[in-house]
Amino acid sequence: MTPEPPSNAPADPPEFFRRALVAGLIAWLVMTAVLLVGESSRVVALIAVAVPNALIAVASLAPGMALPSKRRWKRSADRAMAFMLGGVAAMAIRTVCTVALVAVCRYQMGAEAERVTLWIGFFYVVLTAVEVTVLARGGRTLDSATFVNRNTQSA
């Protein structure tokens, strides 16, 4: 029989993915605004790149947000494993969708292909960094909760 997690236990893995989505969308808004100011002559092309990147952010974090809540997990290690699988799925979806976006944009946008590829790379690097940072902070608390629970069980 495993003990119930304490009331100060970390949030659910889906909550970490929701936080990462909010942080990513805020970063996306800031990056889009900065690029629109800097590239005011290419607004249509920039929007054609920025909107799919926002959709990729939502799609990549959706599997993690669909994880069951912590009440459904019998062990904290199971919760941590589900969190890791959600993180791997998020990065795989983000990578595959970004590569597809680069391929489509290079084919469709002809002369601006190099600039568009740089924009997509910029979105990819910044959004991935924001999401990984937020998820790593959440994952750290899951790991420490597992460690604390093991120590309290052996005492």
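Biologist: Why is Cys 97 called partly exposed?

Modeller: This is a predicted model, and in it Cys 97 has a relative accessibility of 29%. Buried means under 20% and exposed means over 50%, so Cys 97 falls in between and counts as partly exposed.

Biologist: And what makes Cys 105 buried?

Modeller: Cys 105 has 6% relative accessibility. The cut-off for buried is under 20%, therefore Cys 105 counts as buried.

Biologist: How many disulfides does a search of the whole structure find?

Modeller: The search gives 0 disulfides. To count, a pair of cysteine sulfur atoms would have to lie within 2.5 Å.

Biologist: Let's turn to charges. How do you know that Glu 15 forms a salt bridge with Arg 19?

Modeller: Their closest N and O atoms are 3.5 Å apart. The limit is within 4 Å, so the pair of Glu 15 and Arg 19 qualifies as a salt bridge. Both residues lie in helix α1, 4 residues apart, which is about one turn of the helix.

Biologist: Why are Glu 15 and Arg 19 described as partly exposed?

Modeller: Glu 15 has a relative accessible area of 28%, and Arg 19 has 42%. Through salt bridges that share partners, Glu 15, Arg 18 and Arg 19 are joined into one network.

Biologist: What makes Glu 39 and Arg 115 a salt bridge, and where do they lie?

Modeller: Their closest N and O atoms are 2.7 Å apart, and the limit is within 4 Å. Glu 39 is in the loop between α1 and α2, while Arg 115 is in helix α4, so the pair ties together parts that are 76 residues apart in sequence. Glu 39, at 14% relative accessibility, counts as buried, whereas Arg 115, at 32%, counts as partly exposed.

Biologist: Finally, which residues form the nonpolar patch on the surface?

Modeller: Val 22, Ile 26, Val 30 and Val 34 form the patch, with about 360 Å² of accessible area together. Val 30 has its place in helix α1.

How values were computed:
Residues are numbered from 1 along each chain as its sequence is written. This is a predicted model: local features need pLDDT of at least 70, side-chain atom pairs count only at pLDDT 80 or more; totals for chains, interfaces and linings use all residues. Side-chain values use heavy atoms; hydrogens and water are left out. Patches are made of residues with over 30% relative accessible area and no salt bridge: like charges are joined within 9 Å, nonpolar side chains (Val, Leu, Ile, Met, Phe, Trp, Tyr) within 5 Å. Accessible areas come from the Shrake-Rupley method with a 1.4 Å probe; for residues, only the protein chains shown count as cover. A salt bridge is a side-chain nitrogen of Lys or Arg within 4 Å of a carboxyl oxygen of Asp or Glu. Helices (H or I, at least four residues) and strands (E, at least two) are DSSP runs, numbered from the N terminus. Buried means under 20% relative accessible area, exposed over 50%, partly exposed in between (1.4 Å probe, protein chains only).
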